[in-house]
Amino acid sequence: MIYLDSAATTLQKPEAVSAATAWAVSHLASPGRGGHWPAMAAAEKVFACREAAARLFHVDGPEKVVFTFNATHGLNIAIKTLARPGSRVVISGYEHNAVTRPLHALGVDLRVARGRLFDREAVLEDFRRELDRGADLAVCTHVSNVFGFILPVAEIAALCRTRRVPLIIDASQSAGCLPLNFEGLGAAFVAMPGHKGLYGPQGTGLLLCGRDPATLLEGGTGSESMRQTMPDFLPDRLEAGTHNVAGIAGLLEGLRFVEHQGVEHIGAQESQLARYIGEGLRSLPGLEVFLSPGTQAGVLSFRVKDRDCEEIGEALGSKDVALRAGLHCAPLAHESGGTLNTGTLRASVSAFSTRREADQFLRIMKNVIGSG
Amino acid sequence: MLYYLIVCRSLTYAQRTAAALERAGITARVIRSPKSISGEGCSHSVKISQRNLPDALRVLQRVGLTPKRVYITAGDGSYQEVAL
C-alpha cells in the first residue's frame, strides 16, 4: 500500500512504538493508584513521556504537559476554559471543526481572520485587524490540515501577547515536523494529537498548559482523594480516570524517534516530498494543485477538473493508494481556499514516506484520471 | 533505619522532586504516602535517607521545588513532621 494519509494518522511508526505499547498492555498498571511495581513502573513511563514532550516543546515543567485522548479533547478543554457565550473570538480561516464546533456550541462572537491561502502576511494583517477590534481569545492552527499552509503562529502569538489576548494553538499538523517553543510563544494552550507527527498510537494527545484550566471531566486522580473537588494543580486537574498507559508508552517511543531524527529534518523531508508530489501532479492534465513551497508542510490538496474527489479517492483506494477525499472536517478552510463546493483530494506524507512511493502514486494517479 | 519523607501534592511533583535529587546524586524513591501523613487523601512522597536531608533541601530550593511537608520516621513506626 502507498499510504498518503498521515495528516489523519501516521500508519508507519517506529518499531519501538508497537513494542512498547504491547509490553505496556501486559506489564503496566495504573499510575498513582498503587505502590506496587506495575503501578510504579507505569508512573515512571508516564513521567518519562511528560519529560520527553516538555523537552521537545520547550515547556518549563513536565506537569504542564497533560495527556488527552486526542487534539480535539485538548482543544475542547482549552476553548471551554477561555471562552464564554458571547466572547469575542478571533480564529484563522483554516480551522478544523475541532476548533469551530466547540466555539459554535458555546455561542461565541466569532471573527475570522481569513487571509488568502498561502499568504502569511495577509493572515497576519487580518489577525491584527480583528484583534484590534477587541478580542477575548484567539485560536489558530499552526498548519492547515487541508492545504498544509503554515500559518505565522509566532507572529500571531506576538500580536496576542502585546494585546494581552490569550492564544490557543492547534498543533495537530505541526507537532513533530515544525519547531514549536511553548514558553517562547507564550500561548495559553497548545493542543496536539499523539498519533500523527509524534508517531504514537491513536487515543493519545497532549495539551500544553500555560494557564489554569477548567475541567472537562471530573473523577479519580490518585491525589487529594478526600476532597470532592478536582485538584487545583496540574496535571491531576485534567487527568481524571485511568490513563491510556499503553498509548503513552507508545507515544514516548514516538517522541524519542522525533527527537532523534530532529524536527527540522523531518519537516524538511516531508515538505520536499509534498512538493515533489505536487509538481508531479501538476504535470498531469486537468489537475489543480494547491502548492506553495516555502509556506507548506507535508500536506497537499488537489482536485481533478469535472471529477468527483470522492470517486477519485475510491478509485485510488482500489489500487492500494490511501489518501483522503472530501472536506477533511474543515469546511472553513475549504471556504477560505475556494474549494468548499468540490472538496479536494489530500495527500499527506510522514517521515516514512519515500520518493519511490511518490513515483508509484503519480503513475497510478495518471492511470486513474486517464480512465475517467 | 531512620529516613525522611518529603510529601508532595501530586505524583508528578514527587517524580520531579525525585528526579532532581537523583540528578544531584541523592538517592530518592517515590512511594505512596502513609495514610497518617497523606493530608487530603492519597498523595505521594519522596523517601530519602536521614543524612541527605540538608543537601536535598538545598537542591530542591535551587530548582524551585520547595517541599510542602517533610516527615521523619519515629522509632515506633509513626511519623513526626519536621519544621523546615
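# Reading a two-chain model, feature by feature

Reader: Let's start with one residue. Where is the place of D306(A)?

Author: D306(A) sits in the loop between β10 and α10 (309-318) of chain A. Keep in mind as we go that this is a predicted model.

Reader: And what is the phi of D306(A)?

Author: First, the general idea: most residues other than glycine have a negative phi, and most peptide bonds are trans. D306(A) has a positive phi, near 60°, and is not a glycine.

Reader: What about peptide bonds? Which kind joins L234(A) and P235(A)?

Author: That one is a cis peptide bond, with omega at about 0°. P235(A) is found in the loop between β8 (205-209) and α8 (245-261) of chain A.

Reader: Let's zoom out. How is chain A divided into domains?

Author: There are two parts to look for: domain 1 takes residues 2-11 + 262-366, and domain 2 takes residues 15-261 of chain A. The C-alpha centres of these two domains of chain A are 26 Å apart. In their contact, domain 1 of chain A supplies 32 residues and domain 2 of chain A supplies 31 residues.

Reader: Which elements of domain 1 of chain A give two or more residues to the side that touches domain 2 of chain A?

Author: They are α9 (263-282), β10 (299-304), α11 (331-337) and β13 (344-348) of chain A. The most comes from α9(A), which gives 7 residues to that side of domain 1 of chain A. Sorted by class, the side of domain 1 of chain A that touches domain 2 of chain A holds 13 nonpolar, 16 polar and 3 charged residues.

Reader: How many residues of chain A are in contact with chain B?

Author: 18 residues of chain A meet 13 residues of chain B. On the chain A side, 8 residues are nonpolar, 5 polar and 5 charged.

Reader: Now chain B. How many helices and strands does chain B have, and which pattern do they follow?

Author: Chain B has 2 helices and 5 strands. Of its 84 residues, 39% count as buried.

Reader: How do the strands of chain B pair, and in what order?

Author: In general, strands of a sheet pair through backbone hydrogen bonds, either parallel or antiparallel. Here, chain B has an open sheet of 5 strands in the order β2-β3-β1-β4-β5, with antiparallel pairing. At the edges stand β2 and β5 (79-81) of chain B, each with a single partner strand, so each has one side without a neighbour in the sheet. On average, neighbouring strands of this sheet are turned by 35° against each other, direction ignored.

Reader: What does helix α1 of chain B touch?

Author: Helix α1 (residues 11-23) of chain B packs on the sheet and touches β1, β2 and β3 of chain B, its direction making about 20° with that of β3(B).

Reader: How many bridges join strand β1 of chain B to strand β3 of chain B?

Author: There are 6 bridges between β1 (residues 3-8) and β3 (residues 44-49) of chain B, and the two strands run antiparallel. To see it, find Y4(B), which stands opposite I48(B) in β3(B). Strand β2 (residues 29-32) of chain B also pairs with β3(B), antiparallel over 4 bridges; there, I31(B) stands opposite S45(B) in β3(B). Then β1(B) pairs with β4 (residues 69-73) of chain B, in the antiparallel sense over 4 bridges. In that case, I6(B) has V70(B) in β4(B) as its bridge partner.

Technical notes: Residues are numbered from 1 along each chain as its sequence is written. Chains are lettered from A and ligands numbered from 1 in the order in which they are written. This is a predicted model: local features need pLDDT of at least 70, side-chain atom pairs count only at pLDDT 80 or more; totals for chains, interfaces and linings use all residues. Domain bounds come from an automatic or database domain assignment. Two residues are in contact if their C-beta atoms, placed from the backbone, lie within 7 Å. Ala, Val, Leu, Ile, Met, Phe, Trp, Tyr, Cys and Pro count as nonpolar, Asp, Glu, Lys and Arg as charged, and the others, Gly among them, as polar. A residue is buried if 20 or more other C-beta atoms lie within 10 Å of its own, exposed if 12 or fewer, and partly exposed in between; C-beta atoms are placed from the backbone. Two strands pair if DSSP finds at least two bridges between them. Axes are lines fitted to C-alpha atoms, for helices over the stretch in contact, and angles run from 0 to 180 degrees between N-to-C directions.
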